[in-house]
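Please keep the sequence and the model in view while reading.

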Amino acid sequence: MITPPALIRLAHLAEVDPGPMLDLLAAVEQPGKIEHQAPRGHLDRSPPRSAVLAHDTAVPPRQLPGDVADFSGRWGERHELITALTRSRPHAGQAPIAVVHGAEGVGKTALAVHVCHHMESRFPDGQLFVNLHGSTGSRPRDVADILKHVLHTLGVPRTEIPEHLDDKATMYRNLIARRRILVVLDDAADAKQIKPLLPGTTTAATIVTSRHLFDDLGVTIRVQLGLLSHHETEEMLKQVIGGEFARLDKVLIERTIRFCRGVPSAVRSAGVRLSTPESRLAHETAKPLQARLSAVGSG
Ligand SMILES: Nc1ncnc2c1ncn2[C@@H]1O[C@H](COP(=O)(O)OP(=O)(O)O)[C@@H](O)[C@H]1O
Ligand SMILES: [Mg+2]
């Protein structure tokens, strides 16, 4: 008969919870007694059984922020991302990772969130969205703290979350193993910050947004977001302004397009201002736009 250590090793290789099989084995060997004692050793880092069970009954996480209702353009990038993250994958290997990179305000988060909403049904076990604050004024978030939060979201009681980063990361990977789950790591500072958050099995997929390329990670696809063309800027303005666009002065539109220099955050800001009748004067839109353009210039 198979021994408990051998069974645990097999379960570990197959990435399944050994608990139920150990219970069965114990019941066969000692009828009436179904508690098991996992041997100590390299499996010490497995999540406690209650953590696994907690996940089994937990509601799948649905953490995507709302989609940008007037999202426009970026057709090529949308297609590339969706194809890379959803095409059928071999049983073994690495879960796909897409990196969307570019300057601040260029639309990385908006694109990632938009394509994730499109792929939602392909990842029925949930979507995790983690803001890593890699480029905001405050310090990048500590990955151990993030993992603590994520594990709790996945149903692990706070008292069962291990102290060390590696143990937290192992528990995380174990909990999402074989789940069809989408992970968005938004505004990542560096590879050190995201490595512990990458899923380990091919059923999951990850989108990272960042100013960086992550050339030391096994990335499936890199999508560089550039500035919008004149035509794309006009299309986005149209979307943001809505029906009012047709009534606006053509010279004002032309001047606004040039002023925005293809930066989506500036286009949105201008569009919002131009869609309210009392603030359509170009000089009123100038100040906040200038601030955004300076931010991009320094990014
Ligand atoms: N393709 C787009 N269509 C509509 N709005 C967009 C688009 N790309 C970006 N935006 C808007 O521009 C602003 C900045 O985008 P964001 O995704 O936050 O930039 P980043 O993450 O690169 O700093 C947001 O208000 C966002 O809604
Ligand atoms: Mg962003």
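The sections below cover the basis of the model, the ligand shell and the strand pairing.

## Basis

This is a predicted model, in which local features need pLDDT of at least 70 and side-chain atom pairs count only at pLDDT 80 or more, while totals for chains, interfaces and linings use all residues. Residues are numbered from 1 along each chain as its sequence is written, and chains are lettered from A and ligands numbered from 1 in the order in which they are written.

## The shell around ligand 1

Around ligand 1 there are 19 residues, of which Gly107, Lys108, Thr109, Ala110 and Pro264 come nearest (a residue is near if its C-beta atom, placed from the backbone, lies within 6 Å). The shell comprises 6 nonpolar, 8 polar and 5 charged residues, where Ala, Val, Leu, Ile, Met, Phe, Trp, Tyr, Cys and Pro count as nonpolar, Asp, Glu, Lys and Arg as charged, and the others, Gly among them, as polar.

At least two shell residues come from each of α5 (108-119) and α11 (264-274); helices are DSSP runs of H or I with at least four residues, strands are runs of E with at least two, and both are numbered from the N terminus. Ligand 1 lies between domain 2 (75-224) and domain 3 (230-298), because both give residues to its shell; the domain bounds come from an automatic or database domain assignment.

Strand β1 (residues 97-101) runs parallel to β4 and is joined to it by 5 bridges, with Val99 opposite Val208; two strands pair if DSSP finds at least two bridges between them. Strand β3 (residues 182-188) is also parallel to β4, through 5 bridges, and Leu182 has Ala205 as its bridge partner there.
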